[in-house]
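Hi,

Here is the structure I promised to pass on. Have a look at it first, and then read my notes below.

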Amino acid sequence: MKKEQKMTFSRRGFIRTSALASGGLLIGFNFLTACKEDVQLPVDIANLNFNDFNAYIQIADNGYVTIFSPNPEIGQGVKTSMPMIVAEELDVPWEHVYVKQAGLDTDKYRGQVAGGSQSIRQNWDVLRQTGATAKQMLINAAAAKWQIDAADVTASAGVITSKTGETLGYGDVVKEAATLEVPEGVTLKEPKDFKIIGNDAVNVDLDKIVTGKPLFGLDYKNEGMLYASVMRPPAFGQTLVDFDDTDSRAVSGVSDVIQFGDKIAVLAKNTWSAMKGKKALKANWQDNNLESTEKHDALLIGLLDSKEGEVRREDGDVNKAFAEADQVLERTYESPFLPHNCMEPMNFYADVTAERIHLAGPIQTPEGTAAQVAKLLDRTPEEVDLELTRMGGGFGRRLYGDFVLEAAEISSKADKPIKLVYSREDDMSAGIFRPAIKYRISASLKNGKITGYKLKEAAINSNMYGLIPHFFPAGAIPNLKIESANYSSNITTGAWRAPYTNFLAFAEQSFFDEVAEVLDQDPVQLRLDLLDQVNEGADERIQYSASRMKEVIKLAAKEGDWGNAPEGVFKGFSAYYSHNTHVAEVAEIRMQNGIPIVERVTAAVDCGIVVNPTGANNQVVGGVLDGIGHAMYGDFTFTDGKPSSTNFDTYRLIRMHETPKVAVHFVKSEIAPTGLGEPGLPPAGGAVANAIKAATGNRILKQPLTKYMTETETTVKG
């Protein structure tokens with residue numbers, strides 16, 4: 001990293017840049033007059049009379065700072081970590097900072113999306129520039145007040161100091177600072193000088209979360225609103241013929257029943273009445289194309305067997321490598337659909353009037369969703385206001401604004417403000433699911449080495465996104481071919497935490513362990529040897545860093561004490577790159593009555609600079625537990641278009657007593673942060689599957705693992 005990083009703006013250019021840069025770059029200074037000069041610590045800064053400039057920073061004349069967090073908060077911690085980055089460069093004490101969730105504002109912010117683990121990565125430079133620019137403007141204001149050169153002035157911890165020792169607080173010069181030209185050169189801190197970044201910070205919403213204060217979409221209320229519960233087709237492939245709402249309208253509290261498309265909304269004074277009214281509806285449905293998992297399985301296997309497919313990457317001469325092989329190893333790995341199961345079911349508030357469209361609730365894609373609502377109602381995007389609430393989980397489900405569109409359409413038809421609330425059954429049966437996917441992987445082996453590698457993906461509705469074919473083992477095996485095929489289904493599918501890689505990592509990391517066994521090599525060493533073959537920088541398509549991957553592999557092996565295990569403990573290894581982050585994991589299991597008990601997972605992570613260690617650790621631990629739980633238990637099928645489960649009485653999640661201890665080790669780095677909300681998940685299932693193989697001698701090729709363990713006899717080794 002360079003010693004100095006300079007940015008140059010004119011004041012006009014500064015405002016213009018703010019409208020173009022990813023995440024925005026506006027600074028608002030508040031000339032607070034309501035605060036008295038004798039305000040003493042501690043101060044409830046949440047109640048200070050800040051004016052809303054709809055930008056990143058507001059400074060009161062007592063020195064306290066409000067920092068707006070622009071991106072949606074789905075539990076990944078950006079509402080804490082993004083303001084930490086601004087505060088670091090602004091050089092203000094973290095305890096003097098109050099954080100607010102910004103609403104959708106396409107003029108002042110860009111990239112207001114929570115998805116792909118990219119919030120920090122995409123906004124890192126912009127957030128730092130914002131804080132550093134504000135700091136320099138304060139320094140310049142103090143220098144002007146003292147009539148000295150700004151080069152003779154420094155600022156730290158909210159205090160500006162002259163070369164001769166004079167001091168001013170930020171609040172003392174905030175009014176003057178706002179009138180100055182934007183500085184032409186801004187210097188960013190070196191990582192060694194960070195005071196806030198890299199230190200633990202408590203989640204800014206923690207007190208409100210644990211005390212039940214209004215934060216989430218379900219908490220949002222407005223006077224006069226009605227609650228809406230929606231009946232949707234009970235099976236994918238059904239359309240509405242007609243319905244009888246007589247009994248629904250008789251339910252106490254129900255005020256109206258509205259049809260929109262193939263859906264029926266029941267409006268009531270409370271959720272209980274709305275949901276009770278929905279259950280009282282009598283509807284007739286027409287069957288069109290009702291699909292089942294049995295059919296999907298056959299179709300996907302057929303795609304793997306066929307020559308149909310799109311080549312995503314091809315290196316060398318794969319056919320020759322396989323023709324000359326001493327041995328060919330081939331396996332097929334299979335995964336089911338999965339629902340998202342956010343703790344907070346889908347919900348949204350909508351008030352559609354002739355003047356404005358007011359929306360509020362939990363959505364990962366506010367700008368795109370607001371645009372969809374405007375298009376649906378034949379309005380302009382400028383007529384849509386969207387407030388962001390905290391989300392009780394997202395995992396990709398809230399990337400899709402279908403429930404927001406429902407709320408807006410119902411409000412428009414009812415001409416009333418409404419709050420749409422899904423039940424758990426609604427959420428699980430009418431959602432957007434992780435697609436069922438199968439992978440067929442084969443390797444040609446000659447003279448104890450992998451000479452060729454083929455992978456074919458068969459998926460429901462969509463295939464791996466464009467960068468994934470250039471993940472490991474691309475560049476590590478000279479002859480390689482990645483291809484994909486697709487079956488279009490009427491079952492709605494979409495992104496699910498770590499899309500595609502959530503199962504691809506399981507398949508590939510299981511396969512490399514099988515190769516290691518055939519070649520009689522240590523599986524960790526096999527991966528390191530393959531990475532040694534990568535000529536870094538020679539192929540710009542390759543996404544991962546071989547050197548950084550080797551570092552996390554070695555760190556996980558060391559901290560996980562690879563190669564050693566107490567009696568009755570079996571270990572499995574897995575390493576994967578996704579969302580610009582390298583992760584390696586060692587899983588430790590015991591077998592109990594033929595069932596694997598995961599006791600511990602050691603994770604090594606290279607995600608660049610760690611902004612908030614506490615939050616980062618939580619993200620990795622959560623990803624690991626999510627990965628283990630769904631790999632072991634997640635099962636979801638369809639029969640004639642209807643899901644097999646609609647609530648947690650029949651859908652198995654990992655339970656508290658089944659969660660292992662997770663030890664997370666971060667690689668120290670001065671590289672800009674990369675993704676963290678998702679990368680801990682993909683390696684977890686493979687590590688557990690490889691540990692099960694070590695314990696039982698059985699290789700499980702399908703998820704959920706516990707379901708398919710029963711298909712073969714499990715004999716504990718040792």
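To start you off: which residues of α14 are buried? They are P523, V524, L526, R527, L528, L530 and L531. Buried here means under 20% relative accessible area, with exposed being over 50% and partly exposed in between, using a 1.4 Å probe and protein chains only. Because seven of the ten residues of α14 (residues 523–532) are buried, this helix is largely enclosed by the rest of the structure. The cover over those buried residues includes β19, α13, α15 (546–559), β21 (570–578) and α17. On the labels: helices (H or I, at least four residues) and strands (E, at least two) are DSSP runs, numbered from the N terminus.

A word on what you're looking at. This is a predicted model, so local features need pLDDT of at least 70 and side-chain atom pairs count only at pLDDT 80 or more, while totals for chains, interfaces and linings use all residues. Residues are numbered from 1 along each chain as its sequence is written, and side-chain values use heavy atoms, with hydrogens and water left out.

The chain has a mean pLDDT of 91, and 91% of its residues reach 70 or more. Over residues 1–54, though, pLDDT stays under 50. The model has 138 contacts beyond four places in sequence for that stretch, a contact being heavy atoms within 4.5 Å.

Next, the cores. A nonpolar core is a set of buried Ala, Val, Leu, Ile, Met, Phe, Trp, Tyr and Cys residues joined through side-chain atoms within 4.5 Å. The largest one has 86 residues, and Y439, I450, Y453, V515, Y544, I553 and F573 touch the most other members. Helix α13 (residues 501–518) gives this core its largest share, nine residues. There is also a second, separate core of 43 residues, with V78, V86, F194 and I609 among them.

α13 is worth a look by itself. Of its 18 residues, 16 are buried, so the helix is mostly covered. From first C-alpha to last, α13 reaches 25 Å, close to the 26 Å expected at 1.5 Å a residue; the expected span is 1.5 Å times one less than the number of residues. After α13 comes D520, whose phi is positive, near 55°.

S117 is in the loop between β3 (97–101) and α3 (119–146), and is buried with a relative accessible area of 15%. A498 is in the loop between β20 and α13, and counts as buried at 0% relative accessibility.

Look out for cis peptide bonds too. The one from F472 to P473 has omega near 15°, and P473 lies in the loop between β19 (449–460) and β20 (479–487). The bond from Q703 to P704 is also cis, with omega near 5°; P704 is in the loop between α17 (682–696) and α18 (705–709).

Last, a helix pair. α3 and α4 (residues 170–177) pack at an angle of about 90°, with their axes 8 Å apart. Axes are lines fitted to C-alpha atoms, for helices over the stretch in contact, and angles run from 0 to 180 degrees between N-to-C directions. The two helices, α3 and α4, are therefore roughly perpendicular (65 to 115 degrees; under 35 is roughly parallel, over 145 roughly antiparallel, and the rest oblique).

Cheers

Technical notes:
pLDDT = per-residue confidence, 0-100.
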